[in-house]
Amino acid sequence: MALRRSSRIATTIASTTKQAARSAVFTATSPLSSLSPDPDDKPRPTKRKRNNVKADAASGEDDESAPTTQKRTRRRRSPPPEPTPDDFAPRVENRWKIGPHVSSSGGVENSVINAAAVGANAFAIFLKSQRKWESNALKEESVTKFKARMKAFGYSPSHVLPHGSYLVNLGNPDKEKREKSYACFVDDLKRCEELGLQLYNFHPGSTVGAATIEQSMALIAECINRAHKETEYAVIVLENMAGAGNIVGSRFSELGDIIRQVDDKTRVGVCLDTCHMFAAGYDITTKDGWAATMAEFERDVGLSYLRGMHINDSKAPLASKKDRHENIGLGHLGLRTFAHILSDPRTRDMPLILETPAYDAPVGKEKLAWEGMGVWRTEVSVLNRLSGCCSSPLEAEDETPARPAREGEGEIGESEYEGWREEVHEAVKTASKARDAKGRKVDGAGKKARKGKRRKGDEEDAEDEDDDSCGEDH
Ligand SMILES: [Zn+2]
Ligand SMILES: [Zn+2]
């Protein structure tokens, strides 16, 4: 079944255009397999390494071994060709800008390619290691390349939503610890501006059990005000949280209270995470529930502050306060939830970021190519269809402009919901057979895979573990 379905999808994609066919080849194995001589990660690189050693050993004047010398010269002189949009299936035109939190491994410039490889119209990145207090500055070459690729691939800087470090807690009443967080936070904002990006998303913080929520909210606002003065234009976007422990920001009213204390209101906003909303008790699974939730948001925060969303399904039930992301359609939210969110004009023209479990892994020396991105590719495609942009995989590959918003999920038939859910399910099944969430290969049965975890999901899950301790450690 899995094979039949995926080959059908591949055929559908390939049947549209020559370009699409090319990129189907590209993406079916690794997005940039043609750029990487060794798409298989382990055995062959080892062999290459061995060749390298041989070549190095053979580079003495006494050895003129033609093949090894040639190999060595070619590797040095010919960097991989710069990827172009033609290397990928054309992205759908949609006013709902959907895409995952992609890897920046090998340089922030690679994030653009990783986004294009899954048909994303928006994406998120980390600006540095999210687990370290200090990181090397961005390389000038990386910044230049990132900007060039953003242009070449047609991404708007307002559709990229960098995510802040998980270590930062601006609500910590301990001054020394808060200062450490603040330095890390401002450094991130500066990186954001260096890359020409407009938005910066972070977790508001925690009282660490040592302050009232009001005190922590005031400290967070104070840090934002300070950061505004130290930077030029980046908009600081507060994320709503699932509500565990001492975490600030699970209620809209808390986000509103912080914003009210910010002086420059043009440079502050909110990112709504669907999984966190649901975990915090906002029942967005029905159209009425979504409408009521948005009414509360309008009342307590204000719609003009909505600058982005995290589009995640939830492993945990309503009001569980558990931050457990699930693949789209496979959790307690279900596809219908995303159909009414992604047909709401209020969520248009902003980054709508997937932080769902995936199984991607770096391929090749350049770390440009990634395997196991089939899950995200499928989720992006399904979400585009749910938003009313395109109603079938075939149409999804067309360059037809988005249709007007759907009236509601009623237009999507029961069998469509079922089929699309099954598509995601199959993609997850296939991916988890090959790799675990750390991108490591597993035995064919996927036994070693830690279900529902992924590299970035690990961070999201860890965010959970951090929920009670976040701040206490730093
Ligand atoms: Zn987050
Ligand atoms: Zn989360």
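Helix H12 (residues 334-341) is mostly covered, with six of its eight residues buried; a residue is buried if 20 or more other C-beta atoms lie within 10 Å of its own, exposed if 12 or fewer, and partly exposed in between, C-beta atoms being placed from the backbone. This is a predicted model, in which local features need pLDDT of at least 70, side-chain atom pairs count only at pLDDT 80 or more, and totals for chains, interfaces and linings use all residues. Residues are numbered from 1 along each chain as its sequence is written, while chains are lettered from A and ligands numbered from 1 in the order in which they are written.

**Helix H12**
- The buried residues of H12 are Leu335, Thr337, Phe338, Ala339, His340 and Ile341.
- These buried residues pack against helices H10 (274-279), H11 (287-300), H13 (374-386) and H15 (414-434).

**The chain**
- The chain has 16 helices and twelve strands, which are DSSP runs numbered from the N terminus (helices: H or I, at least four residues; strands: E, at least two).
- Of the 474 residues in the chain, 49% are buried.

**Arginine 260**
- Arginine 260 lies in helix H9 (residues 252-260).
- Arginine 260 counts as exposed because it has 12 C-beta neighbours inside 10 Å.
- Between arginine 260 and alanine 221, the C-alpha to C-alpha distance is 8.5 Å, although they are 39 residues apart in sequence.

Conventions: Contact = placed C-beta atoms within 7 Å.
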